[in-house]
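Keep the model open while reading.

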Amino acid sequence: MFASLSHLNQSRDPAVNQRRAQRDLVDMVSHITAQGRTHGTRIINISALGLMCRTEAQLAIGERVTIWLPVVKDHAGEVRWAEDGRIGVEFLKKIEPHVYDAMLSLIPPRQTAW
């Protein structure tokens, strides 16, 4: 009998199995605002529904934030998970496809997964 090794292909990102849209790998410095304070961030991946970024800000799960994105500007979201200096943000409003494409054309792509 062979053991199942499917767990080896699973991501360590706690939100990866809950995603409803494919993420695009990017590498963009931006800022995130929560409770009236602005913090630096580096966006690692993004979709029309959310993103993952690295930040030194101590943000709680469920906290409302805004993140600056090209074309879209300040876009509202909610922190869905936080781990080791990374956070997952679900946008409160989906970015429309034509706006998403315009925004993505201005963000440098990442060549490898985080």
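Predicted model: local features only at pLDDT ≥ 70, side-chain atom pairs only at ≥ 80, totals over all residues.

Residues are numbered from 1 along each chain as its sequence is written, and side-chain values use heavy atoms, with hydrogens and water left out.

The protein has one helix and six strands. Helices (H or I, at least four residues) and strands (E, at least two) are DSSP runs, numbered from the N terminus. Along the sequence the order is β-β-β-β-β-β-α. The six strands form a closed barrel that runs β1-β2-β3-β6-β5-β4, with antiparallel pairing. Two strands pair if DSSP finds at least two bridges between them. Strands of a sheet pair through backbone hydrogen bonds, either parallel or antiparallel. From one strand to the next, the twist averages 45°. That angle is taken between axes, which are lines fitted to C-alpha atoms (for helices, over the stretch in contact), and such angles run from 0 to 180 degrees between N-to-C directions.

β4 and β5 run antiparallel and are joined by six bridges. Val65 has Gly77 in β5 as its bridge partner.

Some totals come next. Buried residues make up 38% of the 114 residues. Buried means under 20% relative accessible area, exposed over 50%, and partly exposed in between (1.4 Å probe, protein chains only). The accessible surface comes to about 7400 Å², and carbon and sulfur atoms hold 50% of it. These areas come from the Shrake-Rupley method with a 1.4 Å probe; for residues, only the protein chains shown count as cover. Among contacts between residues at least 6 apart in sequence, 53% join residues at least 24 apart. A contact means heavy atoms within 4.5 Å.

Now go inside. In soluble globular proteins, nonpolar side chains tend to be buried together. The largest nonpolar core here has 23 residues, and Ile43, Ile46, Leu51 and Leu69 touch the most other members. At least two core residues come from each of β1 (24–34), β2 (37–46), β3 (50–55), β4 (64–69), β6 (86–91) and α1 (97–104). β1 gives the most, with four residues. Such a core is a set of buried Ala, Val, Leu, Ile, Met, Phe, Trp, Tyr and Cys residues joined through side-chain atoms within 4.5 Å.

Which residues does Ile46 contact, leaving aside its neighbours within four places in sequence? They are Gln22, Arg23, Asp24, Val26, Leu51, Leu69, Phe91, Tyr100, Met103 and Leu104.

Turn to the charged side chains. A search of the whole structure finds six salt bridges. In each, a side-chain nitrogen of Lys or Arg lies within 4 Å of a carboxyl oxygen of Asp or Glu. Arg42 forms one with Asp27, with the closest N and O atoms 2.5 Å apart. Arg42 lies in strand β2 and Asp27 in strand β1, so this pair ties together parts that are 15 residues apart in sequence. Arg42 is partly exposed, at 33% relative accessibility. Asp27 is also partly exposed, at 29%.

Asp27 has a salt bridge with Arg110 as well, at 3.3 Å from N to O. Arg110 lies in the segment after α1, so the link to Asp27 in β1 ties together parts that are 83 residues apart in sequence. Arg110 is buried, with a relative accessible area of 19%.

Another salt bridge joins Glu78 and Arg80, whose closest N and O atoms are 3.2 Å apart. Glu78 counts as buried at 19% relative accessibility, whereas Arg80 is partly exposed at 46%. Salt bridges that share partners join Arg64, Glu78, Arg80 and Glu90 into one network.

Finally, check two backbone angles. Gln35 is not a glycine, yet its phi is positive, at about 50°. Gln35 sits in the loop between β1 and β2 and is exposed, at 71% relative accessibility. Val71 also has a positive phi, near 70°, in a residue other than glycine. Its place is in the loop between β4 and β5 (73–83). Val71 is partly exposed, at 41% relative accessibility.
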